[in-house]
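Dear colleague,

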Amino acid sequence: MVELPAHNRLVPGSSPGGPTNGVIMNEELKHLIELQQIDTKILGINHILDQIPFKIKEAESPLKELNLSFDNIKQKLQALEKKKRNKEIELDNINDKISKVKSRMSEIKTNKEYQAYLKEIESFEKNRYQIEDEILNIMEEIDITAKNVKIEEEKIRTEKEKIENLKKKLTNEKSEIEKELLSIREMRSKIAEKLDKELYDTYINLLETYNGMAVTEAKEEICQGCNMNIPPQLFVELKKNDEIIYCPQCRRILFYKNTN
């Protein structure tokens, strides 16, 4: 199953850890950090789910090209078969003309008429040989093209099988991801219930404003969300992690990650 990187995973019942390192933290701030971690993971999971249709579409692209190639070869085969039929009709007409000329042989009375007869027969037979050669060449081309049709059919069959296997794989992955997402959403609801409604509404507004990042670390007097400076005195207060403090610039909720 496709997963987010390990540092984005959150096991139900766990706390985010890290920011406190044993130091007492404001409970609401702790819940906000937990909520942010969960929402970050939810965003990642939703991104994975959104990519599934695109993966299928991408996988189907070679099949479209194969179908186009197959259609072109089939059209070529049909054109050759039509050309062969037309040449066979021409050959039948020539043979019919030869037969009619030969049937008039008993009517020949002079040597001049006989020579004309032979010349006419020779012309028709020369034309017939030429058409017969053309039919043989067309038949050879038909044979090659028919083999290419079978080759393309096998390529299409193989590609369809590959796509179906991918669809099954992605469907199974989607099912597992959705189960995981349901579990995470349940955990999220429990944490959200612990927050004051006004504070939660503020968090949601920030989440929507900043594309999923409402709570961020303050590091070396810099907000990691907007990369703007935090006043020194505010940063001193922030390091205590005992109250909800907002970035003076972007208004994100800040926390300090104690590394001691």
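Which charged end sits over the ring of tyrosine 210? That of arginine 252 does, 3.8 Å from the centre of the ring, where a charge sits over a ring if NZ of Lys or CZ of Arg is within 6 Å of the ring centre and within 35 degrees of the ring normal.

Please bear in mind that this is a predicted model, in which local features need pLDDT of at least 70 and side-chain atom pairs count only at pLDDT 80 or more, while totals for chains, interfaces and linings use all residues. Residues are numbered from 1 along each chain as its sequence is written, and side-chain values use heavy atoms, with hydrogens and water left out.

The structure holds 19 salt bridges, a salt bridge being a side-chain nitrogen of Lys or Arg within 4 Å of a carboxyl oxygen of Asp or Glu. One of them joins glutamate 141 and lysine 76 (4.0 Å, N to O); because glutamate 141 lies in helix 2 and lysine 76 in helix 1, this pair ties together parts that are 65 residues apart in sequence. Helices here are DSSP runs (H or I, at least four residues), numbered from the N terminus.

Another salt bridge joins arginine 104 and glutamate 120 (3.4 Å, N to O); arginine 104 lies in the loop between helix 1 and helix 2, and glutamate 120 in helix 2, so parts 16 residues apart in sequence are tied together. Lys87, Glu90 and Glu134, in turn, are linked in a network of salt bridges.

With kind regards

How values were computed: Helix = DSSP H or I, 4+ residues; strand = E, 2+ residues; numbered from the N terminus.
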